[in-house]
Amino acid sequence: MLYIVATPIGNLSDITLRAIEVLKQCDLILCEDTRHSIVLLNHYDIKKPLKSFHKFSEASSEEAILADLKAGKTIALISDAGTPGIADPGTRLIQACIREGIEVVPIPGPCAAIQALVGSGLDTDMFRFIGFLPKQDGELRTILCDAMNDHSTTICYESPKRIQDVVALIREIAPNRRIVIARELTKSFEQYIRGTAEEVTKQLAETEIKGEIVLLIEGASANEIQEWHQLSLPEQVEWIERTYQLSKQEALKFVAKSQGRSKRDLYNLLVQNRPIDT
Ligand code: SAM
């Protein structure tokens, strides 16, 4: 059996009784960095064999782990912090176990994305988690464009080094959109910076941002979504190009995706003035 065990994201007390029980009873613990996890395991007097399992070894170690599981071993997977599989290794192994008929049991616990969402004050009824933001400028603009036109709250992970630039970009695109920076959650310097993109930009200019960060972006309002749908397709492409400073190709791709159409259909309409097949 494979247990997926969530561990603290800062405060060592944030671990469930069941997680400790599972870690004390399993045969083997898989962890990203043994030197990192040993601190938590020593704190709870958990003495079990540890094996390193990180994004670079996930594929190569799979066969041996599956063999152990098939032989009846109980294995617990943890990551450096939070829930394994969430912007952390685990998904590939979980998929392999499901394929092989091996039972997978997740043990609930901390996850920075969910913690940040709950404390953000933004809408929690509909949200999407998109992991780490891309570094490349065009990809980042496309992802933000997606977030701005979606009515659910977007949650992403970002490094303190880049957060100012990302917030500046959101401000450029939508100065009145509410955003939240959730920083150092569950730790001594836990902080939520809340406001419009304009306000948060000003706050960031006054504070040096350090530590671990979750960025949340408010979803588009019903009015914004309605206005967007009232634009014709060429107007949508033009608006995306202008607002997000994307190339025509990128804007076409975005609009095609949002309409459930192929890029070729939209290209025919816009460039060659041919009707779109329905
Ligand atoms: N699996 C983890 C989870 O469940 O949240 C996420 C792992 S991911 C490699 C690490 C990123 O999560 C950090 O760069 C940061 O964006 C976010 N994160 C983790 N701990 C955090 C904390 N205490 N406060 C704010 N963000 C945190």
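The model is predicted, so local features need pLDDT of at least 70 and side-chain atom pairs count only at pLDDT 80 or more, while totals for chains, interfaces and linings use all residues. Residues are numbered from 1 along each chain as its sequence is written, and side-chain values use heavy atoms, with hydrogens and water left out.

**Overall make-up**

- The chain has twelve helices and ten strands; helices (H or I, at least four residues) and strands (E, at least two) are DSSP runs, numbered from the N terminus.
- Its C-alpha atoms fill a box of roughly 65 × 50 × 30 Å, taken along the principal axes.
- Of the 278 residues, 45% count as buried. Buried means under 20% relative accessible area, exposed means over 50%, and partly exposed lies in between (1.4 Å probe, protein chains only).

**Ligand site**

- The ligand has 19 residues around it, and Thr83, Ile86, Asp88, Tyr157 and Ile213 come nearest. A residue is counted as near if one of its heavy atoms lies within 4 Å.
- By class, this shell holds twelve nonpolar, two polar and five charged residues. Ala, Val, Leu, Ile, Met, Phe, Trp, Tyr, Cys and Pro count as nonpolar, Asp, Glu, Lys and Arg as charged, and the others, Gly among them, as polar.
- Strand S7 (153–158) and strand S10 (213–217) each supply at least two residues of the shell.
- Polar contacts are pairs of N or O atoms within 3.5 Å; within protein, one must be able to donate a hydrogen and the other to accept it, and residues adjacent in sequence count only if both atoms are side-chain atoms.
- A backbone N or O atom of Ile9 lies 2.8 Å from a nitrogen atom of the ligand. For Ile86, a polar backbone atom is 2.8 Å from a ligand nitrogen, and for Leu185 a backbone N or O atom is 2.9 Å from one.
- The ligand on its own has 570 Å² of accessible area, and the protein covers 89% of that. Accessible areas come from the Shrake-Rupley method with a 1.4 Å probe; for residues, only the protein chains shown count as cover.

**Salt bridges**

- Side chains of opposite charge can pair when their charged atoms come close. Here a salt bridge is a side-chain nitrogen of Lys or Arg within 4 Å of a carboxyl oxygen of Asp or Glu, and the count comes to 17.
- Lys187 pairs with Glu212, the closest N and O atoms being 3.0 Å apart. This pair links distant parts of the chain, 25 residues apart: Lys187 is in the loop between strand S8 (178–183) and strand S9 (191–196), and Glu212 is in the loop between helix H8 (197–206) and S10. Lys187 counts as partly exposed because its relative accessibility is 27%.
- Arg242 and Glu238 meet at 3.3 Å, N to O. They are four residues apart in helix H10 (residues 233–244), so about one helical turn separates them.
- Lys47 and Asp45 form a salt bridge at 2.9 Å, N to O. Lys47 is exposed at 62% relative accessibility, and Asp45 is partly exposed at 48%.
- Asp137, Arg141 and Glu172 are linked in a network of salt bridges.

**Surface patch**

- Ile114, Val118 and Phe127 make a nonpolar surface patch of about 280 Å². Patches are made of residues with over 30% relative accessible area and no salt bridge; like charges are joined within 9 Å, and nonpolar side chains (Val, Leu, Ile, Met, Phe, Trp, Tyr) within 5 Å.
- Phe127 lies in strand S6 (residues 127–132) and counts as partly exposed, at 38% relative accessibility.
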